[in-house]
Amino acid sequence: MSTTLSHAGLPVGVTRFDLLRLFEQVARPGFGLSSTAVALVRHYVLKTMDADYLKGRICAVWTQACRFAEALGITPRSINSAERELERTGFIIRNAGINGARAGDRQDGVIIWAAGINLAPLITRYGELKGKAEALDLQARAINQCRAEIRQLGQRIRHACDETLRQRAEAILPGGRTARITSIARLTAIRETLSAMLDAIASAPAPDPRAPKTSDAPEENCAPNIQDKNSPRSCSARGAAPDRITPSAAVSVATQTYQWLVAGLGGATWPNIVEASWRSCARLGIAQSTWGRACQHFGRERAALCVLLIDRNAELPGDHRYKARSPSRCLSGKDFLTDICRLAVANGGKIFGIGLSFNAFDAALGAGHGHPFGNSYWIATSMFTSALVQKKMQGVANSKGLTVLITDDNKAEMARLSDGLYDCSDWYDGLYQCRGKIDSWQGVRPAIHYSQSREEHIAEFID
């Protein structure tokens, strides 16, 4: 075989590194090449010079296989296998000399002849590689689009509140996850099957309102409670979108990156916001397991809103009090609070919703209406919550006992809060008192006095 095989060169403006990046992009998914073969081509290209890729030049390397093996940290046999793989797929030509010897001659930066590995086929197939890359990109977009449609169909199935329909969807796609499915044909089949299920439900005749209502409950049970409407507690609380927040309002407070992502998905809709939040999890370092638990606890739309706000707070300045320094912990922490609330209710406890405004707190400080701990937001909210809980429990019989206060980690203020709870200031008396509105605070005596020993007042802090 001739050792002076030349080529037609790369297109104008294309460098050898552009060729290498394109080859690495399509080698494994498009041609099924091994990682060793891809690494070997990279080593070949790095051994060449830019002038070797000009029209009419020879582009070749003649380094011995044992040297390549030493550089890549593999055996010479692996190098020979990778070279045969590349030759079989038509990316190189092996034209070694007598007894497999490799040699060549380069004069003034131009290869005169070479007996070794010729890269002319790789250079010639640049147009084919580019077309393959475009085809793979279109396929990836189609797969992502199909996955998004499957997620939207799954959301509609959950909103239908039909247990039979949900079980059928679970049998078709266990777990509802498509991340590990890479076949567009299989994804398309799943999408069409789920869509047909929804169409069948939508086209089913409406039940006759005059028909008698029946129940499948056992005969020994009491009369069945047949609901005319879907229960909002079991379906709307988790599955439905937030009633008081529109998609446009939610996106308006998001970061510019998040807004671009939603715009690229087609605009501000709840399915697009869910999709944008799911994609943002990887950028924020939020694990898919954490995202899944959040969707299970709050519903997909509310979990998406949480990620939207976490993404917004993550871009705040470093010294900002609302800076989200650990987005993953911000989302997983909500799971912890949800579990605590469920345990409390399951054991006969009560849950009170409290909204505190830091802007109003700043305004009160500016007007001179501060509290005994100055401008400490953390102690202010902890003392307020503790006082309010004690006030709520004053009218409950046999309510004296331990109070477990769960707060975020603030070791610097923990001791001050403990002292404040033990030796409570008269300033907090208004929170404890169970009486009507007071026109004047002058002459008001403390409603609660701490005459017991400190050991009787225990506050347990859990980080």
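Modeller: We may begin with two helices, α6 and α12: A148, R151, Q152 and Q155 in α6 meet P271, N272, V274, E275 and W278 in α12. The model is predicted, so that local features need pLDDT of at least 70 and side-chain atom pairs count only at pLDDT 80 or more, while totals for chains, interfaces and linings use all residues. Residues are numbered from 1 along each chain as its sequence is written, and side-chain values use heavy atoms, with hydrogens and water left out.

Biologist: Why are α6 and α12 called oblique to each other?

Modeller: The axes of α6 (residues 126-159) and α12 come within 11 Å and cross at roughly 120 degrees. Angles under 35 degrees count as roughly parallel, over 145 as roughly antiparallel, 65 to 115 as roughly perpendicular and the rest as oblique. The angle of roughly 120 degrees falls in the remainder, and α6 and α12 are therefore oblique. The crossing of α6 and α12 is also right-handed.

Biologist: Why is α11 described as oblique to α12?

Modeller: The axes of α11 (residues 256-265) and α12 (residues 270-284) come within 9 Å and cross at roughly 130 degrees. That angle makes α11 oblique to α12. The crossing of α11 and α12 is right-handed. From α11 the contact takes T257, Y258, L261, V262 and L265, and from α12 it takes N272, I273, E275, A276, S277, R279, S280 and R283. These residues divide into six nonpolar, four polar and three charged.

Biologist: How do you know whether D108 is buried or exposed?

Modeller: Buried means under 20% relative accessible area, exposed over 50%, and partly exposed in between (1.4 Å probe, protein chains only). D108 has a relative accessible area of 82% and is therefore exposed. D108 lies in the loop between β3 (103-107) and β4 (110-115).

Biologist: Why is S81 called partly exposed?

Modeller: The relative accessible area of S81 is 33%, and S81 is therefore partly exposed. S81 belongs to helix α4 (residues 76-88). Between S81 and A37 there are 8.5 Å in space, C-alpha to C-alpha, although they are 44 residues apart in sequence.

Biologist: What makes L365 partly exposed, and with which residues is L365 in contact, leaving aside its neighbours within four places in sequence?

Modeller: L365 has a relative accessible area of 28%, and is therefore partly exposed. L365 is placed in helix α16 (residues 358-366). Leaving aside neighbours within four places in sequence, L365 is in contact with G370, G374 and N375. L365 and N375 are 10 residues apart in sequence and 7.3 Å apart in space, C-alpha to C-alpha.

Biologist: How much of the protein chain counts as buried?

Modeller: Of its 463 residues, 31% count as buried.

Methods
Axes fitted to C-alpha atoms, helices over the stretch in contact; angles between N-to-C directions. Helix = DSSP H or I, 4+ residues; strand = E, 2+ residues; numbered from the N terminus. Left-handed = near helix turned anticlockwise from the far one by under 90°. Contact = heavy atoms within 4.5 Å. Nonpolar A, V, L, I, M, F, W, Y, C, P; charged D, E, K, R; others polar.
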